[in-house]
Amino acid sequence: MTQQSRMAFNNDPATYTDARPGYPDELYALLAERCGLAAGARVLEIGPGTGQASQRLLAEGAHVTAVEPGEQLAAVLSQRFPTERLEVIVADFEDADLTGPFDLAVAATSFHWVNLGRSMPELARLIPPGGWLCIWWNVFQDPFKPTAFRDALDQLYADVLPDLKRPSGGLPDRLQPESWTRDLEAGGWFGPVETKFLSWDNPLTPQRARELWSTFSNIINLDAERRSRFLDGLEAIVRDRFGGLVQDPCVTAVYLAPRTGHS
C-alpha cells in the first residue's frame, strides 16, 4: 500500500463520514460478550477515521484512545464526539507514544494499513494477558451471493476501469482467514484466532452508491476524467437498471484473538 493510497481518505472527511456505513449490531454484541467491551473498558482503536466504530464503542461506555494518521479525519472525529472518554492521537500507530495498558484493541476496516512487523509486538506490549485484539472489515461485496447489480458493476469495471477489475473466482483478502490467522498468531502473543463473517445488506441509491465508491482509495486516486466516468456509470446503473434502489449484500469479516501469556 502506498502512502498516497493510505492517506487518500484524509482529503474529504465529510464525504467519508456521510458515505461509509457503520457495522452490524452483532459485532458489538460479540465484543461485549467475548472481549470485555463495557462501561469503563479501556479500548485502543487503530485508524478510526471519522468514527464509524468509535461512536458505538463510546456508546457502550468505553474509554477510547484513537490513533489516526489523517489530521483532517482526526479533527472531524474530535468534533463529532466531544467527550473526555475519547483521546485522539494524530500519528501512525507504529509511531504513536502509547502507554497502556488496554483491555481491548480494535481496528475497523483499517488493519491492512499497518506494518505488522512493528505493530504486533507493540500490541503485545500494550495489551496484558487476558485482553483482546479484534480487527474487522466491511467487505462491500458478498461473493457467496451473486446479484444482477454486481454483474452490472463488473461490466462497468471492465468497460471503464479494466485495470481495477477483480479477477473472477477469487475471494477478497479480508475473507481469507488462513492468511490473517497466520499473521495475528505470529510471535505467539495472540491466539487462537476466531473468525466470524456477518452478513448484511447495504441499501444503495444512485447518490449513496456514488458517495460510497468515491471513498475507496483505488477510485480516489484515479484521474478526474476516469473517476467521473466510473461514478457516473455507477449512478446510472442504480438509477436506470434497478429503479433507484439496490440492496447490496455485504459481509463484515471479524477476527478475534485473546492475548496469551507469552511475554
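1. Asp240 is exposed, at a relative accessible area of 54%. Here buried means under 20% relative accessible area, exposed over 50%, and partly exposed in between, with a 1.4 Å probe and protein chains only. Asp240 forms a salt bridge with Arg239, and their closest N and O atoms are 3.0 Å apart. A salt bridge is a side-chain nitrogen of Lys or Arg within 4 Å of a carboxyl oxygen of Asp or Glu. Arg239 counts as partly exposed, at 43% relative accessibility.

2. A word on the source. This is a predicted model, in which local features need pLDDT of at least 70, side-chain atom pairs count only at pLDDT 80 or more, and totals for chains, interfaces and linings use all residues. Residues are numbered from 1 along each chain as its sequence is written, and side-chain values use heavy atoms, with hydrogens and water left out.

3. How many salt bridges does the rule give? The count comes to 14. Side chains of opposite charge can pair when their charged atoms come close. Asp103 and Arg42 form one of these bridges, with the closest N and O atoms 2.6 Å apart. Asp103 lies in the loop between β3 and β4, and Arg42 lies in strand β1 (residues 42-46), so the pair ties together parts that are 61 residues apart in sequence. Helices (H or I, at least four residues) and strands (E, at least two) are DSSP runs, numbered from the N terminus. Asp103 is partly exposed at 25% relative accessibility. Arg42 is partly exposed at 36%.

4. Look next at Arg210 and Glu235. Their side chains meet in a salt bridge (2.6 Å, N to O). Arg210 is in helix α9 and Glu235 in helix α11, so this bridge ties together parts 25 residues apart in sequence. Is Glu235 buried or exposed? Glu235 is buried, with a relative accessible area of 16%.

5. Now the rings. The structure holds ten aromatic pairs. Rings of Phe, Tyr and Trp (its six-membered ring) pair if their centres lie within 6.5 Å; planes under 30 degrees apart count as stacked, over 60 as edge-to-face, and the rest as tilted. The ring centres of Phe149 and Trp213 are 6.5 Å apart and the planes stand at 80°, so this pair is edge-to-face. Phe149 lies in helix α7 and Trp213 in helix α9 (residues 206-213), so the pair ties together parts 64 residues apart in sequence. Phe149 is buried, with a relative accessible area of 2%. Trp213 is buried too, with a relative accessible area of 2%.

6. Phe149 also pairs with Phe242. Their ring centres are 6.1 Å apart and their planes are at 80°, so this pair is edge-to-face. The pair links distant parts of the chain: Phe149 sits in helix α7, and Phe242 in the loop between α11 (224-241) and β7 (246-258), 93 residues apart. Phe242 is partly exposed, with a relative accessible area of 25%. Which residues do ring pairs link into a cluster? They are Phe140, Phe149, Trp200, Trp213, Phe216 and Phe242.

7. Arg259 lies over the face of Phe190, 5.9 Å from the ring centre. The rule asks for NZ of Lys or CZ of Arg within 6 Å of the ring centre and within 35 degrees of the ring normal.

8. Check the backbone at two prolines. A cis peptide bond joins Gly100 and Pro101, with omega about -5°. Pro101 is in the loop between β3 (86-90) and β4 (104-108). A cis peptide bond also joins Gly191 and Pro192, with omega about 0°. Pro192 is in the loop between α8 (177-185) and β6 (194-204).

9. Thr109 deserves a look. Its phi is near 50°, a positive value in a residue other than glycine. Thr109 lies in the loop between β4 and α6 (116-126). Thr109 counts as buried, at 15% relative accessibility.

10. Glu68 lies in strand β2 (residues 63-68). Glu68 is buried, with a relative accessible area of 5%. What does Glu68 touch, leaving aside its neighbours within four places in sequence? Glu68 is in contact (heavy atoms within 4.5 Å) with residues including Gly47, Leu73, Ile89 and Ala91.

11. Last, Thr147. Thr147 is in the loop between β5 (132-139) and α7 (148-160). A polar atom of the Thr147 side chain lies 3.1 Å from the backbone nitrogen of Arg150. The C-alpha atoms of Thr147 and Asp163 are separated by 22 Å, and these residues are 16 apart along the chain.

Terms used
A polar contact is a pair of N or O atoms within 3.5 Å; within protein, one must be able to donate a hydrogen and the other to accept it, and residues adjacent in sequence count only if both atoms are side-chain atoms.
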